[in-house]
Amino acid sequence: MKNRRVRLVDTTLRDGSHAVRHSFDTKQVAKIAKGLDKSGVEIIEISHGDGLGGSSFNYGFSKTDELKLIGAAAKEVKNGKVAVLLLPGIGTIADLKNAKKAGADVVRVATHVTEADVSAEHIYAAKELDMMAVGFLMMVHMAPVERIVEEALKMESYGADYINMADSSGYLLPEDVAARIKAVAEAVKIPVGFHAHNNMGMAVANSLAAVEAGATYVDATLRGLGAGSGNTQLEVLAGVLKRAGVDTGDVDFYGLMDVAAEAVDPIMQRPQIIDNGSFMLGYAGVYSSFLLHVYDAAKKYKLDPRDILVELGRRGMVGGQEDMIIDVAYQLSQKK
Amino acid sequence: MADKIKVGVIGPGNIGSDLMYKIFRSKNLEMAMMAGIVESEGIKRARGFGVPTTIEGVDGLIKDGDKDIRIVFDATSAAAHLKFNGPKLKENGIVAIDLTPAAIGPYCVPLVNLDKLADEQDINMVTCGGQATIPIVHAVSRVAGAEYAEIIACISSKSAGPGTRANMDEFTETTSKAIEVVGGAEKGKAIIVLNPAEPPLMMTNTIHVRVKDKQVPFKKIEKSILVMVEDLKSYVPGYQLRVPPTMEGDKVTTIVQVEGQADFLPAYSGNLDIINSAAVAAAEKIAERMLAEGGNK
């Protein structure tokens, strides 16, 4: 691993949006984006937690229009690039054009791990807009390695600049991560990246395993702010990679710790820990951003959130199906 | 006097073949031609049932088809409908039921607005998700108004064809617009999710509506929805509530499931069943009017 060049991708202002129920305002965003940029982070992702156009009953409404947030970040980011997430089926090319106007340079087009072909039109559009395009496969624990390789190759063929694999449920163990990264990195000609969730307490370890297996891009968030138990904690990962002798460019991990303390701690709504529900996400293989919606439904239907989570996992629900939480809660409440 | 109106189908793929089975069952539609552009399984299937076929597309249908064909279902692509099928059917005075996203003519959700489209030459069937959810949006808006309506359609990966996959934006944008234009919401939003679970999941749709008139009692809204669900069952027998209507503040929520009739496609393809059933229901209504006016020309 020594001297390998790894690029850190911050998603505090996107995945972290789940943890604050999409309540970021322009001041908070400007402060965090400025701190990240000054500390040498190369890609800074910002949008609704469910990507462009995610503001809805289903995923929660954004307190501030995401285009204003993207604009506020773009004003502060001088060295790095501003990225957005787009899930086909939720966000559209029209949303992407608006995000580009607001200052985004990169789009990560995310699909369920077996559905890469729905990303084609959006990746083509991104290239036409002269944006960097990332093919982002979610829930990679739900498909065998050979299938993931097939899907990654599709995204490469559409023009993706790198492939990011997300352990959206925080389900994988380091060896599973390594196998996936290695297989995809060998099959494609573009770099690969990894996005972890900490539901089983494995985020930093899994990110390190990904780097060891050949990942060039690694997602992380300040204080681990993110869906479920959160993501890989950025300032910690930066320190760990430093100890491992990995070259992260000009990332200043003291600077990252300072932004985390000054700009993120004050706005956190709940401690970013592994509580019972968020551990069960990982254990049952459920999409991390379901967590707070599951807590709401459990309260409404007087159920144990763990029962809802296990049933969602059993049914094979995928990213974006937050509406099925109500369905599951209702069906379970009828059985009682 | 003829008691059936002759119809044709352009596009002998999955949708077109399923339409054919539904037309066979219809009381006032007669399957008079299946048109494709190559010799295909679908063409062979139609021929096997004794249906006249052509592989010269819309031109073949007009040239060689029964001169009494008065309604044609277009199950090809948006581009084909815009460039060829739509204009040529119009020229020949044939009513087009457009199942592509082309939408040259107005959107049609039979239970909501078919009565207003009696004189249209080209009607568009919106999307599968639109057919499954807009009636519910309308059921709310007709009694309490709708400031905002949002739908989430989940379809099994196996029933999403390459056309849908290559054009996800077409689905979300068309459905959102029709939620407004037909459903009566001031603002519409549509989300689609593909789920690859095995065995494939039935099509499910969640509908959230923020009502405009907060004084209307929930009982009244609930009743309007329940009546609409029963009405829908008249042409989509597999349509049912998974989660009955609930109200939180000014938000009404309900979840519906659509089980297909498995005419040609498997039962989990409720998404394809409902758009086809709606198209046939629309054609039957139009045929009724044509028959009342003296039948075939």
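A residue is buried if 20 or more other C-beta atoms, placed from the backbone, lie within 10 Å of its own. The model is predicted, so local features need pLDDT of at least 70 and side-chain atom pairs count only at pLDDT 80 or more, while totals for chains, interfaces and linings use all residues. Residues are numbered from 1 along each chain as its sequence is written, and chains are lettered from A and ligands numbered from 1 in the order in which they are written.

Strand 1 of chain B (residues 5–10) is mostly covered, with 6 of its 6 residues buried. Strands are DSSP runs of E (at least two residues) and helices runs of H or I (at least four), numbered from the N terminus. B:Ile5, B:Val7 and B:Val9 point one way from strand 1 of chain B. B:Lys6, B:Gly8 and B:Ile10 point the other way.

Strands pair if DSSP finds at least two bridges between them. Strand 1 of chain B pairs in the parallel sense with strand 2 of chain B (residues 29–35) over 6 bridges. B:Ile10 has B:Ala35 as its bridge partner there. Strand 1 of chain B also runs parallel to strand 4 of chain B (residues 69–74), joined by 5 bridges. Here B:Val7 is partnered by B:Ile71.

Helix 3 of chain B (residues 57–64) packs against helix 4 of chain B (residues 78–91) at about 25 degrees, with axes 9 Å apart. Axes are lines fitted to C-alpha atoms, for helices over the stretch in contact, and angles run from 0 to 180 degrees between N-to-C directions.

Technical notes:
A residue is buried if 20 or more other C-beta atoms lie within 10 Å of its own, exposed if 12 or fewer, and partly exposed in between; C-beta atoms are placed from the backbone.
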